[in-house]
Amino acid sequence: MSHSPRYDAMTERVKALYDRNRQKGTAPWCGHDYDFVCPSTGTYPFQWFWDSCFHAIVLARYDMDRARSEIRSLLRNQPDDGFVGHVTFWQREAFEEMLKEYSIAYRTPYLSDCIQPPLLAEALFAITRGDGGRSVLDELLPKVRRYYDWLDRMRDPDRDGLIAILQPDESGLDHIPKYDAYLGVTNPTRDEFTAAWQRAVGPYAEMQRDHDKMFAADAFVVEDVLVNTIYAENERVLGELHEEAGDQAGASTMRERAAKSVDSLVRKCWDAKRSLFFDLAGQAEKQLQVSTVTSLMPILLPSLPREMADSLVKHIADPDEYAAAYPVPSTALNEPLYLKPSDGRPEHDSKLLWRGPSWINTNWYIARGLRRHGHVDLARTIEDRSAELIEKGGFREYYDPYTGEGFGAHAFSWTALVLNMLADHEGIA
Ligand code: GLC
């Protein structure tokens, strides 16, 4: 089947990007081979959890073998308890200098001790399509299920179906302003952030990162709407995968868990006055009322009540909030804490992330959510503008929503999700 020149040109660009960012070798510390796409060779040479899931979803469009290697590499060092760290430092020794810049807690010298948004089931879904898919499903489904069981067991102590993050970067949205007040950040600079992060997360070391103690400290416990939307969607997908594998009991357990997660999101995180979703902070579950792209994420959920979906669409379509020339900004344009990347160069250079620019991974989720709820025109606008960003400025980490100028890492890998968005745009399966 022939595709449009636009789609074909993007495919070629993505292939070149993923060849360039490919990391392949054998790690002496575990004796295993690895083959994955790193987020960016300049700043992020290791295997990041949610990045890798996105990369597999893109690779599955044109190179299923590599897509499968990506997820096999991600799961290769999974401990028996099911946990998977947010970074696997496969080639750690080659980058000791760079590691001094990172503040990351280690479970082992090669595996971090944090989570990231759990889209592993979506990645498994993508790599189990087509030839040989069934045997990959049989091979990896038990490992993937163990990961979700770990989240359920370790990160949901109040048993409401929502998992908690224990430090800001576990959401993947490092410095997003919705956490400012909770963290006690009043003047968002890199230094203030580091100090606030240290106040919340520093004491975890003495607690030996024991989950009971970290939860009891209640220093940073957030039931994050982006994390939990992805969690609920992935529980649903995992239900489908169990079904496909012929495991009815597994399928119904996961469906029940998915329904519970969605129910709690709707009951606890929805603010009827502003008609947006907000994260819950602390054991008191206080809503963090800053409008960010997180607030829109539940549009992804097929079972979201219609009136909520319609309300979210109004925000997405509002030029004062999210309908920028290059949507969807990570923080609403009319939030006082919105940071224009081109205005905030000093802040930008010191890398405060997710305070305004548009990112392609959240665009991919939101455009799909809009399609699911029948808002195809709006989805098409986001898909088209996203592609334009890459066509004009290459695969950058994030973009100015007004001008489309690219910022952050160059040759940034998950931005290639734009290929999947173009496929949806053009009705390519
Ligand atoms: C930044 C992002 C995070 C991502 C990582 C690697 O820290 O905020 O979400 O996983 O870079 O790309």
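Predicted model: local features only at pLDDT ≥ 70, side-chain atom pairs only at ≥ 80, totals over all residues.
I began at the ligand, where a polar side-chain atom of Asp51 lies 2.7 Å from one of the ligand's oxygen atoms. I take a polar contact as a pair of N or O atoms within 3.5 Å; within protein, one must be able to donate a hydrogen and the other to accept it, and residues adjacent in sequence count only if both atoms are side-chain atoms. Gly172 also reaches a ligand oxygen, with a backbone N or O atom at 2.7 Å. For Trp354, I found a side-chain N or O atom 3.0 Å from a ligand oxygen. On its own the ligand has 300 Å² of accessible area, and the protein covers 95% of that (Shrake-Rupley method, 1.4 Å probe).

Numbering runs from 1 along each chain as its sequence is written, and side-chain values use heavy atoms, with hydrogens and water left out.

Next I listed the shell. Around the ligand are Pro39, Tyr44, Trp48, Trp50, Asp51, Gln116, Gly172, Asp174, Leu353, Trp354, Phe412 and Trp414 (a heavy atom within 4 Å). I sorted these shell residues into eight nonpolar, two polar and two charged; Ala, Val, Leu, Ile, Met, Phe, Trp, Tyr, Cys and Pro count as nonpolar, Asp, Glu, Lys and Arg as charged, and the others, Gly among them, as polar.

Then helix α2, residues 49–59: 11 of its 11 residues are buried, including Trp50 and Asp51. Buried is under 20% relative accessible area, exposed over 50%, partly exposed in between (1.4 Å probe, protein chains only). Helices (H or I, at least four residues) and strands (E, at least two) are DSSP runs, numbered from the N terminus.

What does the side chain of Ser261 reach? I found the backbone oxygen of Gly161, at 2.7 Å. Ser261 sits in helix α11 (residues 248–269) and counts as buried because its relative accessibility is 0%.

Last, the loops. Arg209, between α8 and α9, has a positive phi of about 55 degrees without being a glycine; I call it buried because its relative accessibility is 15%. Ala411, between β13 and α16, has a positive phi of about 50 degrees and is not a glycine either. Between α12 and α13 I looked up Val328, which is joined to Pro327 by a cis peptide bond with omega about 0 degrees. Pro319 is in the loop between α12 and α13, and it counts as exposed because its relative accessibility is 54%.
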